[in-house]
Amino acid sequence: MKRRQFNRHLIDLAAATASVSLLSQCSGETPRKNARYDTASPRTGGQPIAIASTEGLLALSLTATSQTQTIAGKPLNLLAYNGQVPGPVLEVRTGDVVRLTLVNHLSSPTNLHYHGLHISPEVDDVFREVAAGERYTYEFQIPKTHPAVTGWYHPHYHLQVASQVFDGLAGPLIVRGALDDIPEIRQAAEALLVLKDFEPKLQGGSQNLSTLAKRWGREGRLLTANGQQNPMVKLPHNGLLRLRLINASASGVYQLRLPDHPWFLIATDRGAIAEPIELETLLLSPGERAELLIPGSREPGNYEIVSVPYDRGLSEMIESMGEAARQMPGIVLPKHATIATLQYQPSDRKAPLLLPQQLIPVEPLPEPEIHREFVLDHGIDRSAGSTGFTINGQSFVMGRVNTHVRLNQVEDWHIINRASMAHPFHLHTNRFQVIERNGQPEPFRAWKDTVAIGSYESVTLRIKFEDFAGQTVYHCHILDHEDQGMMGIVDIQT
Ligand code: C2O
Ligand code: CU
Ligand code: CU
């Protein structure tokens with residue numbers, strides 16, 4: 001039933017987004033370097049370059065340009081911030097002021113979204129247009145009470161989001177805070193991996209994207225971490241490694257494992273959990289982040305972080321369509337891959353550095369005053385024109401408010417995926433706690449802003465709309481789905 005319906009849409013719907021041809025223009029400026037992450041340039045391996053705040057201020061410009069960059073030995077037409085893919089690591093502390101000038105040297109409009117920050121939607125405004133050739137300065141303060149988070153920044157200009165992110169525009173954004181002050185965390189080595197796929201036949205605003213790949217959500221065959229295939233990450237013997245992971249892929253879901261080696265979850269999208277939890281598999285949907293602590297307590301050697309196949313739904317259908325579908329650029333069937341390799345480093349430490357027992361308490365939110373239902377599905381909303389992805393039967397229309405909420409109110413959002421494809425759900429501005437999945441209570445509390453939702457699954461999110469009134473959005477973080485209408489506006493009123 002669903003399958004037939006989906007196929008019909010594939011045939012009926014013409015691709016809505018015209019691809020853009022991107023002019024190669026001047027390069028970005030040289031970023032100031034920082035102590036924590038500037039061990040190497042992204043081109044020579046290791047960690048991406050970081051730009052940190054000084055004396056409470058992070059002032060910089062980010063210039064978006066199109067350029068050729070070699071990824072996994074292949075020269076690709078990409079989009080970059082300050083000449084880097086992924087973009088520079090921005091590092092701030094709670095209470096800091098950020099003054100960031102976005103310079104648009106692309107041939108299409110763009111903007112910035114600060115995914116993971118609790119700041120006003122008047123600043124973190126996805127409806128803002130920074131036209132080709134223009135610049136815009138974003139200025140805001142990270143609230144003093146903000147948790148320490150691994151966030152990221154990426155463009156959010158509707159209809160261009162998937163292609164601009166897929167072409168390389170995304171960078172990490174680290175907020176340091178209370179979690180960083182825990183003694184064991186302070187002694188840990190740090191590394192960061194931005195997970196991102198590339199597809200030579202599709203980069204550079206290519207016209208090659210088939211309708212099927214666009215509906216599925218484009219994916220690339222080159223799986224990278226920090227723009228490299230299987231980079232080495234140093235793990236101090238008897239020490240601790242704090243590893244930050246960001247899924248900056250436009251559509252790909254990673255199911256990560258570290259075979260024969262322990263790793264512990266310490267933080268999710270919006271910061272620390274109450275205590276380290278040993279993990280077997282870490283599922284990371286587009287937009288999700290995680291922080292792990294890895295003790296260097298095993299036999300010294302190399303240990304691979306692998307991604308095991310994850311089916312977003314419809315693989316079977318694509319498979320049944322035969323070679324033609326499998327050859328379409330942008331369609332990648334679930335596969336096994338090595339993401340990065342942990343490499344033990346000798347250290348003077350005789351006794352192992354122990355994991356912290358406690359992290360930061362995750363306060364439960366009070367019982368909700370309001371319950372709402374959000375049904376994710378595939379279909380046509382005539383009032384929105386032909387798009388094909390809906391939330392409560394509606395596709396995104398610029399300026400149309402879909403949900404009205406009150407500031408300081410607590411709500412339970414029951415998200416029901418009636419579709420045969422996974423649709424990871426993301427809320428801007430505010431964080432939430434996942435209360436239930438498919439009717440079962442979640443095993444532990446955590447602060448999130450993006451949640452994996454598989455085909456036909458449902459989750460219940462508990463949200464308190466805090467501090468900021470105004471209009472913001474929620475959407476599927478498979479960015480092709482967002483561009484095709486799977487997004488709504490929530491108006492937070494005082
Ligand atoms: Cu990561 Cu609406 O975004
Ligand atoms: Cu976001
Ligand atoms: Cu989706």
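A residue is called buried if 20 or more other C-beta atoms lie within 10 Å of its own, exposed if 12 or fewer do, and partly exposed in between, with C-beta atoms placed from the backbone. The model is predicted: local features need pLDDT of at least 70, side-chain atom pairs count only at pLDDT 80 or more, and totals for chains, interfaces and linings use all residues. Residues are numbered from 1 along each chain as its sequence is written, and chains are lettered from A and ligands numbered from 1 in the order in which they are written.

View 1. Helices (H or I, at least four residues) and strands (E, at least two) are DSSP runs, numbered from the N terminus. N82 lies in the loop between strand 3 and strand 4. It is not a glycine, yet its phi is positive, about 50 degrees. N82 counts as buried because it has 21 C-beta neighbours inside 10 Å. P86 is placed in the loop between strand 3 (74–81) and strand 4 (89–93). The peptide bond between V85 and P86 is cis, with omega about -5 degrees. Most residues other than glycine have a negative phi, and most peptide bonds are trans.

**View 2. A72 in the loop between strand 2 and strand 3.** The loop that holds A72 runs between strand 2 (57–71) and strand 3. A72, a residue other than glycine, has a positive phi near 50 degrees. A72 counts as partly exposed because 15 C-beta neighbours lie inside 10 Å.

View 3. Of the 7 residues in strand 18 (residues 289–295), 7 are buried. One side carries R289, E291, L293 and P295, the other A290, L292 and I294, and all are buried. Two strands pair if DSSP finds at least two bridges between them. Strand 13 (residues 240–247) pairs with strand 18 in the antiparallel sense over 7 bridges. Strand 15 (residues 264–268) is also antiparallel to strand 18, over 3 bridges. L293 of strand 18 is the bridge partner of R242 and of F264.

View 4. An automatic or database domain assignment supplies the domain bounds: domain 1 (16–176), domain 2 (185–345) and domain 3 (370–493). The centres of domain 2 and domain 3, taken over C-alpha atoms, are 24 Å apart. The contact (C-beta atoms, placed from the backbone, within 7 Å) takes 20 residues from domain 2 and 19 residues from domain 3. Strand 16 (residues 271–278) gives the largest share of the domain 2 side, 3 residues.

Definitions and conventions. Contact = placed C-beta atoms within 7 Å.
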